Amino acid sequence: MEHGRGAVEALVTPVWQGRRVLVTGHTGFKGSWLSLWLHAMGADVTGFALPPPTDPSLFAAARIAGLIRHIEGDVRDLAAVRAAVATARPEVIFHLAAQPLVRLSYEQPVETYATNVMGTVHVLEAARLDGAVRAIVSVTSDKCYENREWIWPYRESDPMGGHDPYSSSKGCAELVTAAWRKSFFADPGAPALASVRAGNVIGGGDWAADRLVPDLVRAFEAGVSPLIRAPQAVRPWQHVLEALGGYIQIAERLLAGERHFADGWNFGPADDDARPVSWIVERMRAAWTESGGAASDALPDAGPRPHEAGLLRLDCSKARAALGWRPALNLERTIDWIVAWHRAVAGGADARAVTLGQIADYAAASSQSGDRAAA
Ligand SMILES: NC(=O)c1ccc[n+]([C@@H]2O[C@H](COP(=O)([O-])OP(=O)(O)OC[C@H]3O[C@@H](n4cnc5c(N)ncnc54)[C@H](O)[C@@H]3O)[C@@H](O)[C@H]2O)c1
C-alpha cells in the first residue's frame, strides 16, 4: 500500500494559513475529514455541530476536539448559530450540518426538513447579519435534483426536486441558497455563496448506520455476512477527499473575489465509477481478503425498502472546465484506501495520523493528476 508518501507538513497553504473558518457538521464523517484537512493547511478552524452522530466516530478517533475550536450546538437554533459565528468570526463557512440519511428521513421527516432547510436558512442568515463572512460553501447533495430515473447525468441547471424527504430537503436547501444569493448576497461586498452537490462519498472512518461501505466494514470486522439491499442500484461513488477537494477549491475562488464561482457545482466521479452496489460489495470483499482479513459472502436484505432513486449520475463538466477539477483516485484505489484505513486503525494505528497521511497522499495524487491534465 502506498500510504505515507505525501508529507503532512507540505499541506500548509498560504491562502489558508491563519484563515478563520467555520465548519458546521464537523463532528460528522465529511466534516471530520474537512476539519483535519483545513487545520493541516494552517486554518484557524471552529466547528459547530451536535455531538458525533455515531459511536465510534472519526471525530473522536482522530481527537479533533483537541485540534480545533469545538462548539456543540443545533442549527435549528438561530441564536446558537449566531453565537457560534460571533465566536468564530469566520471569513469562510463550510455548511455541512444535516440529517443525511434517506431512510431516517422517512421516519423523521419533520426533523429532517427542520435541520436541512431551516438549518441552512439559519447559517445563511447568521452570515448575513455578521458582516465579516466573505465566502460560504453550502453542501447539499446529488439527490437535490428532480430524479427522472434516466441514464443521462444531471447538470447544475437541471430542476431541483426529490422524492423522499431527505432528497427533497436538499432540493429545498438549494432553493434557499439561491434565494439568499439573489436577495442578500448580490453586492460585491456581501459573502459569495456557492452550493456543492456531490454523490455518495466513501472513505475510512464512516460508521453511519444504513450506508453501504460502513455496513460492509461492520460485517467484515464482526465476521458476519453483510446484508445488501438494491444490489443493482447505480451510484456515483467517490472518495470523500475528491468532493472535499472540490469544496476547498470553490472556497479559494470565492476568497479570491471570483464571484462567478458563487453558483451551484457538481462533484462526482468519472463515468466508469458510477457502479452498482454489487460491484462495490465484491471489490470490498476482495480488498479485505487481500489485506489478510476474512470477509463473508453478502446476503440479500429481505427487510422493508422505502423508495430510493435507482440511477443517479452527475455531469461534472462545469467543475472540470472552470476549476480544472477532476477525480484523482479511481474507484479501485478508493476502496483500497478505505480498507487500508480500517485495517490500520483496527490494528492499533493512530486514526488522526492515518487520516492525515491519506489527506497528504491525496493532495500529492491530485496535484499529479492536475499536472497530467495541464500537460
Ligand atoms: N456522505 C455522503 O455520501 C453524502 C453525499 C451527499 C451529500 N452529503 C452531505 O454532506 C454533509 C455531511 O454528511 P456526512 O456524511 O458527513 O453526515 P454525518 O451524519 O456523518 O454528519 C452530519 C453532521 O451534521 C451534524 N448535525 C446533524 N443535525 C444537526 C443539527 N440539528 N444541528 C447541528 N448539527 C447537526 C452532526 O452532528 C454531524 O456533525 C451533509 O450535508 C450531507 O447531506 C453526504
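Reader: I'm looking at R19 and E91. What do their side chains meet in?

Author: A salt bridge, with 3.0 Å from N to O. The general idea is simple: side chains of opposite charge can pair when their charged atoms come close. Keep in mind that this is a predicted model.

Reader: Where in the chain do R19 and E91 sit?

Author: R19 is in the segment before strand 1, while E91 is in the loop between helix 3 (78–88) and strand 4 (92–95). That puts them 72 residues apart, so the pair links distant parts of the chain.

Reader: Are R19 and E91 buried or exposed?

Author: R19 and E91 are both buried.

Reader: How many salt bridges are there by the count?

Author: The count comes to 17. Take R103 and D210, whose closest N and O atoms are 3.1 Å apart. R103 belongs to helix 4 (residues 102–107) and D210 to the loop between strand 7 (201–202) and helix 7 (212–222), so this pair ties together parts that are 107 residues apart in sequence. R103 counts as buried because its relative accessibility is 19%, and the cut-off for buried is under 20%. D210, at 28%, counts as partly exposed.

Reader: Which residues are linked in a network with R103?

Author: D210 and R229: together with R103 they are linked in a network of salt bridges.

Reader: What about R128 and E125, how many residues apart are they?

Author: They are 3 residues apart, about one turn of helix 5 (residues 109–130), where both of them lie. With a relative accessible area of 35%, R128 is partly exposed, whereas E125 counts as buried at 15%.

Reader: Okay, on to the sheet. How do I read one, and in what order do the strands come?

Author: Strands of a sheet pair through backbone hydrogen bonds, either parallel or antiparallel. Here 7 strands make an open sheet, and reading across it you get 3-2-1-4-5-6-11, with parallel pairing. Strand 3 (69–72) and strand 11 (264–267) are the edge strands, each pairing on one side only. From one strand to the next, the twist averages 20 degrees.

Reader: Which residue in strand 2 is the bridge partner of T24?

Author: F48. Strand 1 (residues 20–24) and strand 2 (residues 44–49) run parallel and are joined by 5 bridges. Strands 5 and 6 also pair in the parallel sense, over 5 bridges, and there V137 has A194 of strand 6 as its bridge partner.

Reader: What should I look for on the faces of strand 6?

Author: Start from the pattern: in a regular strand the side chains alternate between the two faces of the sheet. In strand 6, A192, A194, V196 and A198 lie on one side, with L193, S195 and R197 on the other, and all are buried. In the tally for strand 6 (residues 192–198), 7 of its 7 residues are buried.

Reader: Which residues have a positive phi although they are not glycines?

Author: The background is that most residues other than glycine have a negative phi, and most peptide bonds are trans. R63 has a positive phi of about 55 degrees, and A230 has one of about 50 degrees. R63 is in the loop between helix 2 and strand 3, and A230 is in the loop between strand 8 (227–228) and strand 9 (234–236).

Reader: What kind of peptide bond joins D55 and P56?

Author: A cis one, with omega about 5 degrees. P56 is in the loop between strand 2 and helix 2 (58–61).

Reader: Last one: which residues form a nonpolar patch on the surface?

Author: W150, I151 and W152, with about 350 Å² of accessible area together. W150 sits in the loop between strand 5 (135–139) and helix 6 (165–183), and its 32% relative accessibility makes it partly exposed.

Terms used:
Residues numbered from 1 in each chain as written. Predicted model: local features only at pLDDT ≥ 70, side-chain atom pairs only at ≥ 80, totals over all residues. Heavy atoms only, no water. Patch = residues over 30% accessible without salt bridge, like charges linked within 9 Å, V, L, I, M, F, W, Y side chains within 5 Å. Areas by Shrake-Rupley, 256 points an atom, 1.4 Å probe, with all protein chains shown as cover. Salt bridge = Lys/Arg side-chain N within 4 Å of Asp/Glu carboxyl O. Helix = DSSP H or I, 4+ residues; strand = E, 2+ residues; numbered from the N terminus. Buried < 20%, exposed > 50% of the residue type's maximum accessible area, 1.4 Å probe, protein only. Pairing = 2+ DSSP bridges. Axes fitted to C-alpha atoms, helices over the stretch in contact; angles between N-to-C directions.
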